[in-house]
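Me: I'd like to go through this structure with you. Can we take it piece by piece?

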Amino acid sequence: MKVLQVIDQAFRTTTEEQDDTILWLTQSMRGAGGNLTVLLSGHGVYYAVQQTPQPALTLASWSQTEPADITRDLNNLIESGVPVYAVTDDLEERGLSTRQFLPGVQAISRQSLVNLYESVDQVWQW
Amino acid sequence: MNDRKTLTFAFMDPPFESERTVTFFRLLDAALEKDTHVRVFAYEGAVALAFAKQSPHGNAVHGRNTEEEAHPLTKDWIVALQQKARTKGLNFEWINCGLCVDERGVNDVIEDCGRGGPPDLWRYASQSFNTLTIGTR
């Protein structure tokens, strides 16, 4: 079974969880043998061009030591054989189209999504 | 029984925060109504849906005590769905993401709600007719 993980929300609870929860879920299922593809769309495309790690949170005397590192997590996914796509139209709408892609992330147009959706057995929209 | 389909649901929302939670439970009930086996993977805040220490309260604004108010609790909805499944000879399985449980301290869950992780979601989905994921917004 092939599953497409669609991530269209960026930075959902990344400060508290110290990762993107769906990227984490995907890495974990990949480790269990899952055949997965990731599609970054909507605000999620920012992950494809992000160049800095999450800033650490400080509250009074409490300081975060391990903030989220989305780029590391995407790299790990790509290295484990999970294809990662980002929707170019969504990057353009957000003024991010001139930014350099994280190596290994593949650009895909909105028009080409049909083929990507057709290539998998299930689409999980998060 | 053998020709009955199985549906997997992955859900992220906690109780008492969003109408998605109610809709999610309506979908589970509808699936059982259609003689479908149900498997749930509760992720993030959804692990609190099965928290055993949820307790009802009265409501002074409504002028009702605890018994009269009969406040809805998601753990009771799960029990009701478990009972419905048993009555209809269907499977109703529920697994909470264990790490999500730990970070929220909601380890005390009602009966027949297990602890697991993402590999269980993959197993559930692989063995199901289809999967519905409902993420937090």
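Me: Which strands does helix 5 of chain B lie across?
Reply: This is a predicted model, to start with. Helix 5 of chain B lies across strand 1 (6–11), strand 2, strand 3, strand 4 and strand 5 of chain B. Helix 5 runs at about 160° to strand 2 of chain B.

Me: And what does helix 3 of chain B lie across?
Reply: Helix 3 of chain B lies across strand 2 (37–42), strand 3 and strand 4 of chain B. Helix 3 runs at about 145° to strand 3 of chain B.

Me: What order do the strands of that sheet in chain B have?
Reply: The order is 4-3-2-1-5. The sheet is open, has five strands and shows parallel pairing.

Me: Which strands stand at the edges?
Reply: Strand 4 (113–116) and strand 5 of chain B. Each has a single partner strand, so one side of each is left without a neighbour in the sheet. From one strand to the next, the twist averages 20°.

Me: How many bridges join strand 3 and strand 4 of chain B?
Reply: Four, in the parallel sense. Strand 3 covers residues 92–97. B:Cys97 stands opposite B:Gly116 in strand 4 of chain B.

Me: New topic. How many residues of chain B are in contact with chain A?
Reply: 13 residues of chain B, and they touch 13 residues of chain A.

Me: Which element of chain B gives the largest share of that side?
Reply: Helix 5 of chain B, with six residues. Helix 5 (118–126) and strand 5 (130–134) of chain B are the elements that give two or more residues. By type, the side of chain B that touches chain A divides into five nonpolar, seven polar and one charged.

Me: Now chain A. At what angle do helix 2 and helix 4 of chain A pack?
Reply: About 30°, with their axes 10 Å apart. Helix 2 is residues 21–31 and helix 4 is residues 70–79. The two helices of chain A are therefore roughly parallel to each other. Helix 2 of chain A passes helix 4 of chain A in a left-handed crossing.

Me: Which residues meet there?
Reply: From helix 2 of chain A, A:Leu23, A:Thr26, A:Gln27 and A:Arg30. They meet A:Ile70, A:Asp73, A:Leu74, A:Asn76 and A:Leu77 in helix 4 of chain A. The contact divides into four nonpolar, three polar and two charged residues.

Me: One last spot. Is B:Ala70 buried or exposed?
Reply: B:Ala70 counts as exposed, because B:Ala70 has 10 C-beta neighbours inside 10 Å. The cut-off for exposed is 12 or fewer.

Me: Where is B:Ala70 found?
Reply: In the loop between helix 2 (66–69) and helix 3 (74–87) of chain B. The C-alpha atoms of B:Ala70 and B:Trp94 are separated by 25 Å.

Note on methods: Residues numbered from 1 in each chain as written. Chains lettered and ligands numbered in written order. Predicted model: local features only at pLDDT ≥ 70, side-chain atom pairs only at ≥ 80, totals over all residues. Axes fitted to C-alpha atoms, helices over the stretch in contact; angles between N-to-C directions. Parallel < 35°, antiparallel > 145°, perpendicular 65-115°, else oblique. Left-handed = near helix turned anticlockwise from the far one by under 90°. Contact = placed C-beta atoms within 7 Å. Nonpolar A, V, L, I, M, F, W, Y, C, P; charged D, E, K, R; others polar. Buried ≥ 20, exposed ≤ 12 C-beta atoms within 10 Å, placed from the backbone. Pairing = 2+ DSSP bridges.
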